[in-house]
Every structure is written in structure tokens, then in C-alpha cells.
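Let's take a walk through this structure, one spot at a time. Have the sequence and the 3D view ready.

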Amino acid sequence: MLHSVRFSFLALGLMLTGCSAPDPQTRASSELASEVFRPAYAAWAVSSQQLTGSAEALCGGSIELTAARQSLVNAQTSWAALQPLQLGLITEGNRSWRVQFWPDKKNLVGRQIEALLNKNPQPSQEDLKKASVVVQGLSAYEYLLFDPAIDLSQADAKARYCPLLEEIAQYQKLLADEVFQDWEAADGIASQLESFPNPRYADAHAAIGDLLRTQINGLDVMKKKLGTPLGVQSKGIPQPYQADAWRSGESLNNLAAGLASARLVWQGQADNGLRSLLDASQQPLAKQIDQAYADTLQQLDILRQSQTPLFTADGSHTRLQALYTSLDQLHRLHERELAKALDVQLGFNAHDGD
Amino acid sequence: MQRRAFLGIGGSLLATAALGSWVISRSGEQPLLLSARDDKYGRHYAVGYRLDGRQQFSTPVAQRCHDVVAHPGLPLALFVARRPGTQSYLLDLRDGQLLQTLDSPPDRHFYGHALFDQRGDWLYSTENDTSDPGRGVIGVYQLQGQRLQRQSELSSHGIGPHQLAWMPDGQTLVVANGGIRTEADSRTPLNPQAMESSLVLLDRSGTLLSKDQLAQQLNSIRHLAVASDGSIVTAQQYQGALTDNAPLLAIKRPAQQLQPFAVAEAQRMTMQQYCASVAIHNELRLIALSAPRGNRLFIWNMDSGQLRLDEHLPDCAGVASTADGFVASSGVTGCRAYACRGANIEPQALQLPAGLWDNHLRLS
């Protein structure tokens with residue numbers, strides 16, 4: 001039954017589009033799906049797969065802690081790259097929370113892991129599935145590998161934490177596989193970004209709207225992940241332990257990965273992203289956004305090369321503030337100007353409801 | 001992932017299919033969907049569309065509106081100003097003619113919701129006493145001909161009242177006091193650390209009958225719906241951290257206290273601490289809830305708690321019950337109908353303009 005419905009949509013789409021070349025919005029949507037979104041989800045699935053091998057090897061004593069930490073950083077980075085690409089199954093059923101728990105204002109990650117292990121020293125995959133999202137994801141994995149109170153190169157620490165470490169890795173692998181399969185499936189999210197109408201989008205413009213909203217939402221979250229430890233929401237008082245990867249020190253690299261993806265949505269892999277939809281009269285805006293990306297990435301590069309501790313009252317505060325201002329400007333250009341230029345409505349009720 | 005056959009989207013044939021099961025209204029026409037709406041330039045409108053897509057009216061209004069309250073017998077409705085608006089608009093539903101611009105009195109502004117009594121003689125409106133910011137009052141207006149005349153006011157027995165409804169007896173009001181103090185011309189909370197949200201029942205004279213509160217001080221009870229058996233369902237907007245575990249849907253069953261409605265973590269966290277509209281289908285005993293920040297529309301069985309629908313609907317906004325289920329609007333995409341009588345709930349696209357629908361809708 002569902003197949004016949006799907007074929008009906010396909011037939012209807014073919015009738016409506018005929019044999020002509022796809023319109024620019026269909027082309028941009030389709031190519032962003034296949035050339036930007038899908039590869040990013042594939043990379044995340046691969047890095048999650050590698051996490052399972054890494055956890056087993058660390059716990060079995062065949063690799064050092066440093067190597068295991070690098071596997072986590074790879075998974076964190078590939079996950080951070082999805083920040084402006086969160087569309088489809090990852091947005092459903094709480095999945096993104098299951099990958100990363102942020103903000104963790106009360107150190108719930110540390111407290112709940114210790115409480116879980118005190119109660120159940122050998123949690124199974126089933127136990128983990130039933131547990132809180134707080135202990136299921138990369139934030140929990142990062143705690144196990146990087147928290148100053150835990151040294152997983154030591155046998156006693158391995159005895160306590162390895163069962164959970166391996167289950168988290170397995171859980172993440174299964175989750176990433178499930179989400180990636182939806183990008184691969186014949187009737188999955190990618191197919192719904194390729195031809196119209198379909199069960200999700202009435203036309204290509206609706207899909208472009210969703211892609212832009214996804215990108216803008218990602219930029220907004222990246223801004224919050226930078227602004228929160230910087231003290232933007234706490235009267236300027238830095239909150240270094242509220243950085244999204246404070247234990248591993250990878251927060252800025254995560255931001256860089258997210259920004260790279262956001263820029264790809266803008267430019268496309270071959271000048272076929274959202275930018276390609278602006279007409280000649282809108283080129284000044286296109287150049288403004290190009291420049292905003294260049295500015296933000298430049299600010300970020302300066303900070304990444306610096307060895308100064310982040311998110312402390314002195315240190316790199318001024319430069320981080322400049323980065324935040326630049327990112328804020330980039331976000332606003334998308335939210336206010338690009339959305340208007342592409343005639344896309346943002347969250348009317350989500351952002352301005354009551 | 002559950003895949004559903006989604007009718008939608010292309011053309012009048014599908015539109016006809018989507019509307020095939022609607023009950024025709026008394027006038028022999030499709031039900032009239034009433035809502036506040038904007039255009040892409042930010043101008044505000046009070047609109048009425050038949051569910052088959054025909055525009056009945058689109059009346060420009062100066063202030064953005066929130067909810068709409070239709071008169072129970074006459075073809076008129078009040079489009080209520082969104083907080084801190086000071087103008088609500090009484091319209092003739094036949095052609096959208098503006099009958100009256102209802103100005104709030106000095107030191108008062110509207111909070112977005114109101115309702116007529118069963119006979120349609122009186123209208124009750126939640127309002128802010130801006131001389132004591134946040135003190136909740138209920139303005140009482142009498143319909144005289146085609147004009148509303150303010151006669152008195154009642155206390156809402158709380159801070160920042162928002163939606164209100166009648167209990168089945170038609171004599172008892174239930175009011176969601178959001179608990180947030182705001183000043184005139186402002187939407188900025190004055191008491192983020194001292195919120196005091198409550199659900200109160202009062203009689204028509206304003207006498208407090210009961211007051212319920214949820215455990216977390218930061219949980220703002222905003223919207224509600226009342227079932228024919230007297231169960232009250234409330235939708236919350238939690239003002240604390242995204243990661244806090246706050247019940248965003250609650251229920252006060254007859255003779256019981258207000259308590260969280262069991263929502264699985266997967267759905268609760270998707271809501272991002274923010275719900276917009278809630279509606280009840282009395283015959284099917286269903287609750288529909290829109291969560292625009294999570295871009296989800298949910299439907300549960302009110303008695304068993306079973307989740308019937310967890311649907312991607314970007315920026316979903318208003319939701320109202322129909323003969324066969326619900327209709328829902330969106331701030332960014334098309335409106336949908338949900339036929340709920342079968343084993344699976346089937347979404348259907350409505351041939352209404354896409355996007356820019358405000359927080360609530362009503363069917364008349």
C-alpha cells in the first residue's frame with residue numbers, strides 16, 4: 001500500500017515536471033542533499049562505527065588512551081559538523097539529545113554516570129537504552145575519557161568504566177547507523193529533497209525553506225554553544241564548564257566543523273547551494289554573506305592557533321568576544337536577509353509565539 | 001521510522017479527497033477557519049477561510065492578534081490582541097467587516113485570549129493590570145447589538161493570565177495564570193526568579209473555587225482545553241534550562257489535582273520546553289498538542305495515554321478539533337487535517353495559504 005502511494009507521488013512528480021531540467025530550487029535541494037547532507041551523515045556513521053572498535057581496543061589493552069581519545073574527537077567533530085544539517089530522523093524521537101547532552105549546567109553527566117555505575121556496575125545495551133539521555137551519548141563518553149578524576153589508562157578505572165564505555169560506543173554506532181539509513185533509503189529524507197511533491201514537501205520551495213531553517217537553527221545553536229561559556233547569558237561572567245566539549249578542549253574545533261557545514265549549505269560543493277538561488281539584484285547580499293563567513297573563519301583560526309586557555313576572565317576573552325560578534329552577524333544575515341531574499345518564513349510561532 | 005500515506009499536496013483532486021469527510025456546517029458550507037495571520041511584510045490580518053481553501057475574508061488590523069473567539073449564535077467573532085496589545089477586533093464573519101475596535105481601558109492590556117458565555121451575551125477576556133504589572137484580571141464585556149461594552153472585571157487570582165475556558169457547566173471559568181509579570185508595552189519577564197503560575201477555577205462572580213500549581217516554579221501554564229467530562233488539559237512553556245525535566249502537558253481530571261500527563265522523554269525533549277496550542281476531541285477522547293520549537297504535532301489518547309501521532313509539522317501553531325480529528329496550522333508551511341477515526345492517523349494537506357498562521361485557530 002505504502003509503495004503504491006509512493007509510486008503515485010513519483011508519477012505525479014514526473015507529470016508535473018515533465019522531462020525538462022530541474023528548476024534551480026529543485027536542483028539546489030537535491031544536490032545539497034546528495035553532496036552535503038548525505039556525506040556528512042555518512043562520516044558521522046563511520047566515526048561512530050570506529051568508536052566501537054576503539055572502545056574495545058582500549059579496554060582490551062591494545063591501544064593507548066591517547067588513541068582512544070582521538071577516536072572520540074573524530075566522532076565529536078563529525079557530530080559537530082551535523083549541527084547546521086539536522087534534518088530528518090535525527091530531529092525525531094530525541095535522537096540528537098542521545099548523541100550530545102548540552103548544556104550540562106549541573107554536571108548531570110558526571111553525577112548520573114557515577115550513580116548508574118554505583119547501582120549497576122555492568123550496564124547492558126538494554127540498560128543503556130532505558131537510561132537517561134544524559135549517559136547515552138558522546139558527552140558521557142567524553143567524561144569517561146577526559147574527566148580529570150578518571151584515568152582510563154589504569155586497570156582499576158578500566159574495571160569500573162569500560163563496560164559502560166563499550167556500551168555507549170555501541171549505542172552511538174546503532175543510532176548513527178539508523179539515522180544514516182534514512183539518508184540512504186529509497187523513500188528516506190534524501191529522496192524527499194530530490195523530487196516534488198512528496199509526503200514531506202509540497203514543492204521545492206518548501207524544501208529550500210526547510211534547508212535554510214535547518215542551517216539557521218544550527219548557526220543559532222553554535223552561537224549559544226560559544227556564548228554560554230563566554231558569559232553572554234550570565235552578565236559577562238565566563239562559564240568555562242558550560243562549553244560543549246570542555247573536558248576534551250575541542251569546543252572551538254567543533255565550532256569550526258559546524259561552520260564548515262553551514263558554509264557548504266550556503267555555497268554547495270560546486271556553487272550549487274543556497275547562494276546559487278540569489279539573482280543578479282541580490283549579489284550584494286551574496287557578497288556580504290561570503291565576507292561574513294570569511295570574517296568568522298578568520299577569527300576562529302586566530303583563536304585555534306592560540307594556546308591561551310579559553311573562556312576564562314582574562315586569557316582569550318576579547319578574541320572570543322570578537323568571534324561571537326562575528327558569528328552573531330553571520331547568523332543575522334541568514335536569519336534576516338537571506339530568508340527574506342529567498343522568501344522563506346522562519347519560525348513565526350517558534351521564535352515569536354506566546 | 002513510521003511512514004504514512006500523506007495526501008497532500010498537489011491539486012484540487014487531492015483537496016477534494018482531503019475534505020471528503022468533513023461535516024458540512026449549518027450554513028451548508030465547509031467550516032470556517034478563523035485565525036490571526038501576517039503577510040510577509042509583517043502586516044497583520046484577521047482572516048477567515050473555508051476549509052476547502054476559499055477565502056471568506058482577510059481584514060487588515062493594526063495590532064497582531066492571537067486567539068479568536070466566535071460568537072455562539074451570531075456571525076461575529078472577536079480577534080483578540082496578542083500581549084501586550086490594546087486593541088481587539090470584532091468582525092462580521094460573513095464579509096470580514098470590522099464592527100468594532102475594542103480598546104482595552106487605561107492600565108490594562110489584552111493577553112490574547114477571551115471567550116463568550118454560552119448565550120453569547122457576555123465576553124470574558126484575560127488582561128494585565130499594568131498599574132500592578134502582572135496582576136491578572138478578567139475583563140467582563142456585555143454584547144450590546146454589535147458592540148462589546150466593558151462592564152466590570154474579575155480577579156484571575158494569579159499573575160499573567162493567558163487562556164481561559166468554560167467548564168462543562170457553562171458557569172465555571174478555568175484560567176491558566178502563566179505566572180510571569182510583564183509591564184505595559186513589554187514582553188520582558190520582570191520576575192524570572194519568582195514566577196507563580198497556577199490553574200484556577202472561579203465562578204462567574206469571580207469567587208475562587210480552586211487553585212492548582214505544578215511542582216516547578218519556572219513551568220508556565222499557558223494554554224488549556226476542557227473535555228466534556230470536565231477534564232482540563234494544560235500546555236506549558238518552561239522558562240528554565242532546555243535540559244530540565246519539566247512536564248509540558250498536564251491534566252486535571254474531575255475531582256483530582258493537576259498532574260503531569262505521561263509524556264515519554266522522546267517526545268518531551270523534542271518539544272524544547274515550549275508548547276503552543278492544545279485541543280481535545282471529545283468523542284474520540286484525543287488530545288492534540290502543537291510544539292513549534294520542536295516542529296512537532298502530537299496526538300495522544302486522553303485516557304490510555306497512548307501516543308497516536310508524533311508528526312513533523314514545521315512551526316506548527318493552531319490546532320482545533322473537527323468531526324473526524326483535528327486541523328493544524330503552521331507559521332511556515334501548509335495547514336493539515338488529521339483524520340483520527342482509523343487505526344492510523346492520516347495527515348492530509350489543506351488547500352489553504354501556506355505559512356504565517358498565528359498561534360491559534362478556531363473553526364466556526
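This is a predicted model: local features need pLDDT of at least 70, side-chain atom pairs count only at pLDDT 80 or more; totals for chains, interfaces and linings use all residues.

B:F57 sits in strand β3 of chain B, which covers residues 55–61. Setting aside neighbours within four places in sequence, the contacts of B:F57 include B:L32, B:L34, B:V47, B:F79, B:L91 and B:L93. B:D92 is 35 residues away from B:F57 in sequence, yet their C-alpha atoms are 9.5 Å apart in space.

Now hop over to chain A and find two helices, α2 (residues 24–60) and α10 (residues 204–230), whose axes come within 8 Å and cross at roughly 45°. That angle is why α2(A) and α10(A) count as oblique to each other, and the crossing is left-handed. Where they meet, α2(A) brings residues including A:Q25, A:L32 and A:F37, while α10(A) brings A:H205, A:I208 and A:L211, among others. Sort the residues of this contact and you get 7 nonpolar, 5 polar and no charged.

Next, the cysteines. A disulfide is a covalent bond between the sulfur atoms of two cysteines. Over all chains the count is 1: A:C59 pairs with A:C162, with 2.1 Å between their sulfur atoms. The torsion about their S-S bond is about -95°, so this disulfide is left-handed. The bond ties A:C59 in helix α2 to A:C162 in helix α8 (residues 155–184), 103 residues apart in chain A. At 5% relative accessibility, A:C162 is buried.

What about B:C275? Its closest cysteine sulfur, in B:C316, is 9.2 Å away, which is too far for a bond. B:C275 is buried too, at 0% relative accessible area.

Definitions and conventions: Residues are numbered from 1 along each chain as its sequence is written. Chains are lettered from A and ligands numbered from 1 in the order in which they are written. Side-chain values use heavy atoms; hydrogens and water are left out. Helices (H or I, at least four residues) and strands (E, at least two) are DSSP runs, numbered from the N terminus. Contact means heavy atoms within 4.5 Å. Axes are lines fitted to C-alpha atoms, for helices over the stretch in contact, and angles run from 0 to 180 degrees between N-to-C directions. Angles under 35 degrees count as roughly parallel, over 145 as roughly antiparallel, 65 to 115 as roughly perpendicular and the rest as oblique. A crossing is left-handed if the near helix is turned anticlockwise from the far one by less than a right angle, and right-handed if clockwise. Ala, Val, Leu, Ile, Met, Phe, Trp, Tyr, Cys and Pro count as nonpolar, Asp, Glu, Lys and Arg as charged, and the others, Gly among them, as polar. A disulfide is a pair of cysteine sulfur atoms within 2.5 Å. Buried means under 20% relative accessible area, exposed over 50%, partly exposed in between (1.4 Å probe, protein chains only).
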